[in-house]
Amino acid sequence: MKISIISPFTFGYIEALVEKISAQPNYKVTFINISNIQFHYSNLSERLNNFLLKLFLNRNLKSENIENEIESRIKQEAKQNYILIIRPDKFSRNHLKFLKTNTEKLIVYLFDAIASIPDQLKNLDLFDEVYSYELEDVTVYNFKFITNFIPLDYIEPVKGTGLFNISSFDERFPIIQKVAKQIKDLNYPYKIVIKKDKIISCNYVDIITEYWNMDTVSKYILDSAILLDIQKEGQHGLSFRIFEGLGTGKKIITTNKSVSNYDFYRPENILIIDSLNPIIPMKFLDEKAIEIPESIKSKYRREAWIKTIFS
């Protein structure tokens, strides 16, 4: 089976998926990470020209360069059985039409809720199948539902200490600060990291200016006992942080109330907090997690995800 996956930077999650697919017999995967496609203006005049093109003609030389590079890569391959797109809003309609002619099935997985990125709705009519982890979007737009997946293969729980979270600087920052202060006041060990373009002074969290790779993040996840999951505004589907916790046997503190509807939910393992007034009992921090049977976890592993998408 021939599969192409085209994606922007996804913190290593799509790379983890590609790794699992590539390990399976009779699968040939072409992975194009558009974040790695370089574009440099040759001179100041070209930069000014691109500004005018975007302003008056809705064109972007950088985006066109990315699409040209993708099309060149796809032309080198035989017709694909599947092309999977992450973030369809990154591409023009003509480019998506080109991809559709080079595959038996053009599929999209919406990596973000429509409320977060409304432009994802553009051009979805070109896709044979549209998948989303956001149940509200599935209901409203008649998408196919699939959760995110467990990106790490651990059968047994991995022991660790303390609480860990890594997030981008956005509307979640105030509640993350509140939680961090509580954890610090309780004298519980923690590591909370916020990625921001510029360093700011914070009493309770660490600020970084460059994204950590998945290997670094995975190390902190494995070394922790609890993961903190703060949802973005308008997002109700389960983030990867939930599935990282499920896969490694970690407890989770989350603002996502919908997690209680899933078969792996146990109140001993997952503490649901209020985003306006988060309260974290010391009892939850101290108690050990209850092990979730593999019969449940297997539904959310990469193999199950691959089987569903590339049926």
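This note walks through some strands, ring pairs and nonpolar cores in a predicted model.

1. A word on ground rules. Residues are numbered from 1 along each chain as its sequence is written, and side-chain values use heavy atoms, with hydrogens and water left out. As this is a predicted model, local features need pLDDT of at least 70 and side-chain atom pairs count only at pLDDT 80 or more, while totals for chains, interfaces and linings use all residues.

2. Start with strand β1, residues 2-7. Helices (H or I, at least four residues) and strands (E, at least two) are DSSP runs, numbered from the N terminus. β1 runs parallel to β2 (residues 28-33), and six bridges join them; two strands pair if DSSP finds at least two bridges between them. Across from K2 you'll find K28 of β2, and I3 has V29 as its bridge partner there.

3. β1 also has β3 as a parallel partner, this time over four bridges. Here I5 faces L84 of β3. Five of the six residues in β1 are buried, where buried means under 20% relative accessible area, exposed over 50% and partly exposed in between (1.4 Å probe, protein chains only).

4. Now follow the chain from β1 through helix α1 (residues 13-22) to β2: together they form a right-handed β-α-β unit. Right-handed means that, with the strands pointing away from the viewer, the path from the first strand over the helix to the second runs clockwise.

5. What is the size of the largest nonpolar core, and which residues have the most contacts inside it? The core holds 26 residues, and those with the most contacts inside it are I5, I21, L84, Y109, W305 and F310. Two or more residues come from each of β1, α1, β3 (80-86), β4 (103-110) and α11 (302-309), and α1 gives the most, with six. A nonpolar core is a set of buried Ala, Val, Leu, Ile, Met, Phe, Trp, Tyr and Cys residues joined through side-chain atoms within 4.5 Å. Apart from this core lies another, of 23 residues, including I6, I34, I37 and I74.

6. Y109 deserves a click. Leaving aside neighbours within four places in sequence, Y109 touches L84, I85, I86 and W305, among others (contact means heavy atoms within 4.5 Å). Y109 also belongs to a cluster linked by ring pairs, along with Y13, F111, F149, F240 and W305.

7. On rings in general, the count comes to 18 aromatic pairs. Rings of Phe, Tyr and Trp (its six-membered ring) pair if their centres lie within 6.5 Å; planes under 30 degrees apart count as stacked, over 60 as edge-to-face and the rest as tilted. F9 and F11 make a tilted pair because their planes are at 55 degrees, with ring centres 5.0 Å apart. F9 is partly exposed, at 36% relative accessibility, and F11 is partly exposed at 36% too. W212 and Y220, with centres 5.1 Å apart, are stacked because their planes are at 20 degrees. Y220 is partly exposed at 30%.

8. K195 has its charged end over Y211, 4.7 Å from the ring centre. K251 is over the face of F284, at 4.5 Å.

Conventions
Lys NZ or Arg CZ within 6 Å of the ring centre and 35° of its normal.
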